[in-house]
Amino acid sequence: MISEKLQNSINTQINAEMWSSNLYLSMSYYLGHAGFPGCAHWMKKQSAEELEHAQRLADYMLSRGEHPKVSAIAAVPEKWDDVNSLFRHALQHEQHVSELINKLYKQALNEEDYATQDMLMWFVREQVEEEESVQEIIDKFEHCTCGCCVMNIDNELAKR
Ligand code: MG
């Protein structure tokens with residue numbers, strides 16, 4: 001059994017992962033429209049991954065005999081100033097998600113729910129990777145000095 005309080009927090013995280021999925025889908029559409037097909041492809045994959053995160057949490061609840069909930073997802077932004085500020089926003093968002101995961105882990109720790117702690121450790125590790133991969137893209141754009149360099153980055157991200 002997972003405590004009622006912890007179930008509510010996991011459901012809130014499921015919603016947060018689904019919101020992330022929508023955020024990245026919106027970013028993907030913005031990028032596609034702005035003429036960055038490779039970046040758009042990368043973001044669409046990122047969106048699909050976030051949905052998998054939501055499902056991973058829900059599957060865990062099911063395996064413990066609990067009932068995960070699907071709740072309404074708030075609207076996501078549609079526009080960014082440019083491709084750089086979009087990826088900086090993505091990094092900020094992943095840092096925020098890392099904080100949410102840490103808080104959730106702390107709750108499981110306080111409740112001495114060892115199975116939930118074990119499940120959440122995967123997310124703790126995943127967040128390190130998420131922040132790193134977005135930071136790498138930001139660095140690439142920052143080192144970029146010409147238009148053809150931007151196109152190289154876009155071609156590279158198309159390979160994800
Ligand atoms: Mg996630």
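Guide: Start with Ser 26, which is found in helix H1. Keep in mind that this is a predicted model.

Visitor: Why does Ser 26 count as buried?

Guide: Its relative accessibility is 12%. Buried means under 20%. Ser 26 is under that cut-off, so it counts as buried.

Visitor: What does Ser 26 touch, not counting residues up to four places away in sequence?

Guide: Ser 26 touches Val 76, Pro 77, Glu 78 and Trp 80. A contact needs heavy atoms within 4.5 Å.

Visitor: What makes the pair of Ser 26 and Pro 77 a polar contact?

Guide: A polar atom of the Ser 26 side chain lies 2.6 Å from the backbone oxygen of Pro 77. The cut-off for a pair of N or O atoms is 3.5 Å.

Visitor: Which residue of helix H3 can we look at?

Guide: Take Ser 98, which is found in helix H3. Ser 98 touches Gln 127 and Glu 131, leaving out residues up to four places away in sequence.

Visitor: Is Ser 98 buried or exposed, and how do you know?

Guide: Its relative accessible area is 10%. The limit for buried is under 20%, so Ser 98 is buried.

Visitor: What makes Glu 112 exposed?

Guide: Glu 112 has a relative accessible area of 54%. Exposed means over 50%, so Glu 112 is exposed. Glu 112 is found in the loop between helix H3 (83–110) and helix H4 (114–142). Its phi is positive, about 55°, although it is not a glycine. Most residues other than glycine have a negative phi.

Visitor: How do you know which residues are donors to the magnesium ion?

Guide: Donors are N, O and S atoms within 2.8 Å of the metal. Glu 17 (OE), Glu 50 (OE) and His 53 (ND1) coordinate the magnesium ion at 2.1 to 2.2 Å. Those distances are within the cut-off, so these atoms count as donors.

Visitor: Where in the chain are Glu 17 and His 53?

Guide: Glu 17 is in helix H1, and His 53 is in helix H2 (residues 37–63). The pair is 36 residues apart and links distant parts of the chain. Both Glu 17 and His 53 are buried.

Technical notes
Residues are numbered from 1 along each chain as its sequence is written. This is a predicted model: local features need pLDDT of at least 70, side-chain atom pairs count only at pLDDT 80 or more; totals for chains, interfaces and linings use all residues. Side-chain values use heavy atoms; hydrogens and water are left out. Helices (H or I, at least four residues) and strands (E, at least two) are DSSP runs, numbered from the N terminus. Buried means under 20% relative accessible area, exposed over 50%, partly exposed in between (1.4 Å probe, protein chains only). Donors are N, O and S atoms within 2.8 Å of the metal (3.2 Å for Na, K and Ca); water is not among the atoms, so sites may look incomplete. A polar contact is a pair of N or O atoms within 3.5 Å; within protein, one must be able to donate a hydrogen and the other to accept it, and residues adjacent in sequence count only if both atoms are side-chain atoms.
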